[in-house]
Amino acid sequence: MGMNVEVAVVGAGPAGCMAAYTLAEAGMEVLLLDKEKLPRYKTCGGGLVHRARKLLPFDISPVVEREFYQADFYCYGHHISIRRPKPIITMVMRDKFDYFLANKAAEKGVQIIDEQLVKGIQFNGSEGIE
């Protein structure tokens with residue numbers, strides 16, 4: 001595959017999608033690659049703490065499964081209960097969440113190619129990445 005881009009991001013998980021989104025928003029030509037067909041299932045608890053959620057530059061409500069405003073911790077016979085007015089943790093299914101993030105990146109102009117296993121990257125000076 002010969003393609004000239006400024007940045008290639010390998011992996012369309014949350015970190016890869018947000019890196020691609022941020023770079024595209026800054027005006028760069030970005031290619032996002034993932035080895036699986038999107039959306040793809042990921043084994044993951046799918047929890048976002050409130051601090052992480054509010055750092056996102058867009059609303060993720062369309063993919064929120066559940067929010068928890070209380071948490072109970074038990075450790076060595078001690079019990080701590082925390083209740084907050086804002087969600088302590090937001091639960092998402094990773095296949096829906098990651099696909100949502102990938103689509104947000106695409107809205108910023110990111111080119112997405114799924115089912116593409118990256119085995120290596122070749123640099124050709126100022127010509128870009130092949």
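Predicted model: local features only at pLDDT ≥ 70, side-chain atom pairs only at ≥ 80, totals over all residues.
User: What does a relative accessibility of 36% make of Lys108?

Analyst: At that value, Lys108 counts as partly exposed. Residues are numbered from 1 along each chain as its sequence is written, and side-chain values use heavy atoms, with hydrogens and water left out.

User: With which residue does Lys108 form a salt bridge?

Analyst: A salt bridge is counted where a side-chain nitrogen of Lys or Arg lies within 4 Å of a carboxyl oxygen of Asp or Glu. Here the side chain of Lys108 meets that of Glu25, at 3.4 Å from N to O. The two residues come from distant parts of the chain, 83 residues apart: Lys108 is in the loop between helix 3 (94-107) and strand 8 (111-113), and Glu25 is in helix 1 (residues 14-25). Helices (H or I, at least four residues) and strands (E, at least two) are DSSP runs, numbered from the N terminus. Glu25 is partly exposed, at 47%.

User: How many salt bridges does the whole structure hold?

Analyst: A search of the whole structure finds nine. One of them joins Glu67 to Arg53, with the closest N and O atoms 2.4 Å apart. This pair again links distant parts of the chain, since Glu67 is in strand 4 (residues 64-68) and Arg53 is in helix 2 (residues 50-55), 14 residues apart. Glu67 is partly exposed at 29%, whereas Arg53 is buried at 16%. Another bridge, between Glu107 and Lys104, has its closest N and O atoms 3.8 Å apart. Both of these residues lie in helix 3, three residues apart, about one turn of the helix. Glu107 is exposed, with a relative accessible area of 61%. Finally, salt bridges link Asp34, Arg40, Arg94 and Asp98 in a network.

User: In what order do the three strands of the open sheet stand?

Analyst: Two strands are taken to pair if DSSP finds at least two bridges between them. In this model the order is 1-2-8, and the pairing is parallel. Strand 1 (7-10) and strand 8 are the edge strands, each pairing on one side only. From one strand to the next the twist averages 20°. Such angles run from 0 to 180 degrees between N-to-C directions, and axes are lines fitted to C-alpha atoms, for helices over the stretch in contact. Strand 2 (residues 30-33) is joined to strand 8 by three bridges, and Leu33 stands opposite Ile113. Helix 1 lies across strand 1 and strand 2, and runs at about 170° to strand 2.

User: Which strand pairs with strand 5 in the antiparallel sense?

Analyst: Strand 5 (residues 70-75) pairs with strand 6 (residues 78-83) over six bridges. The two form a hairpin with two residues between them, and Tyr76 in the turn has a positive phi of about 50°. Cys75 has His78 as its bridge partner, and Tyr74 stands opposite His79. Strand 6 is hardly covered: the count of buried residues among its six is zero.

User: Which residues touch the most other members of the largest nonpolar core?

Analyst: In soluble globular proteins, nonpolar side chains tend to be buried together. A nonpolar core is a set of buried Ala, Val, Leu, Ile, Met, Phe, Trp, Tyr and Cys residues joined through side-chain atoms within 4.5 Å. The largest one here has 23 residues, and Leu32, Phe58, Ile60, Phe97, Leu101 and Val110 touch the most other members. At least two residues of this core come from each of strand 1, helix 1, strand 2 and helix 3. Contact means heavy atoms within 4.5 Å. Leaving aside neighbours within four places in sequence, Phe97 is in contact with Pro14, Leu48, Ile60, Val63 and Val92.

User: Why is Cys17 too far from Cys44 for a bond?

Analyst: A disulfide is a covalent bond between the sulfur atoms of two cysteines. The cut-off used is a pair of cysteine sulfur atoms within 2.5 Å. The closest cysteine sulfur to that of Cys17 is in Cys44, 13 Å away, and therefore too far for a bond. Cys17 is buried at 0%, while Cys44 is partly exposed at 41%. By this rule the count of disulfides comes to zero.

How values were computed:
Buried < 20%, exposed > 50% of the residue type's maximum accessible area, 1.4 Å probe, protein only.
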